[in-house]
Structures are given as structure tokens and as C-alpha cells.
Amino acid sequence: MNIALWTVQTLLALVYIVAGGLKVIRSREQLVASGRLDWMKDHSDAAVRSLGVVEILGALGMILPEVTGIARVLTPIAAVGLVVVQFGALRVHLTRDERQPLPINMFLLVLAGFVAVGRVVH
């Protein structure tokens, strides 16, 4: 179980470091121009950057508490936070009638839920 949790935590950390990092480093216009992030047209620069920071913090919460052994309770809390992020993503995509990203959002939601439950129980 611990190996499965670590595998999922690492995958989530990588996904959210990249996704959040892009939102923090690149401008909203650059991200929209990539063609896959049209939802950003409806949100401010501050909202997009804030989401990026939340994603980065969630990614760090997947790894650092378990690696350091300090405040390990933060890992399931970070996982719940990423579940909330994905519920928000699902809402945005459904509101905009964007069906293509939904499977990825659901997959990330399930993985984060697995970590949240797994780290509380394990």
C-alpha cells in the first residue's frame, strides 16, 4: 500500500508542479494562446496565478511532509485540497460545455482522493 501511495503522490506532485508552475510563470495570454486553456479567458490574471500557487502548494504537500516526517497530517490535507481543485475544474469545464478535459479531471480527483484516504488509514 505504501508503494502505491508513494507512486500516486509522486505522479500528482509532478502533474501539479508543472501545471501550477506554468500558471505562475507564463502570462494568461500565453496560456490561452496554447489552444487548450480557453477557460482562462473568463478569469483574471490574479485568479489564474492564484490557482497556480495552490497547485504548487498541493504538489509540495504530496511529498514534503512524508519525506521529512514533519507534520505528516499535511499530506492528506493537501490531497483533499487537490480534490477540491478538481471539483472546481470539473465545474468550470461543465459550465463551458468542455467535455474533453473531464476524464483527466476525474482521474486526478480519484488519485488525490486515494492519497487522502490512504494516508489517513495507512
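User: Starting with E66, buried or exposed?
Analyst: E66 counts as buried, at 9% relative accessibility. Buried means under 20% relative accessible area, exposed means over 50%, and partly exposed lies in between, with a 1.4 Å probe and protein chains only.

User: What am I looking at, and how are residues numbered?
Analyst: This is a predicted model, in which local features need pLDDT of at least 70 and side-chain atom pairs count only at pLDDT 80 or more, while totals for chains, interfaces and linings use all residues. Residues are numbered from 1 along each chain as its sequence is written, and side-chain values use heavy atoms, with hydrogens and water left out.

User: Which side chain does E66 meet in a salt bridge?
Analyst: That of R119, at 3.8 Å from N to O. R119 is in helix α5 and E66 in helix α3, 53 residues apart, so the pair links distant parts of the chain. Helices here are DSSP runs (H or I, at least four residues), numbered from the N terminus. R119 counts as buried too, at 11% relative accessibility.

User: What does E55 pair with?
Analyst: E55 forms a salt bridge with K23, and their closest N and O atoms are 3.0 Å apart. E55 lies in helix α3 and K23 in helix α1, so this pair ties together parts 32 residues apart in sequence. Both residues are buried.

User: And K41, buried or exposed?
Analyst: K41 counts as exposed, with 52% relative accessibility. Its salt-bridge partner is D38, 3.8 Å away from N to O, and D38 counts as partly exposed at 28%.

User: Switching topic: what volume does the largest pocket have?
Analyst: About 1100 Å³. Of its 33 lining residues, those closest to the centre are K23, L37, W39, H93 and N105. A pocket is an open set of points on a 1 Å grid over the protein atoms alone, where a 1.4 Å probe fits, with protein on both sides within 12 Å along at least five of seven lines; lining residues have an atom within 4 Å of a point. Volume is the space filled by probe spheres set on the points, which are joined across faces, edges and corners.

User: Which helix gives the largest share of that lining?
Analyst: α4, with 7 residues.

Definitions and conventions: Helices (H or I, at least four residues) and strands (E, at least two) are DSSP runs, numbered from the N terminus. A salt bridge is a side-chain nitrogen of Lys or Arg within 4 Å of a carboxyl oxygen of Asp or Glu.
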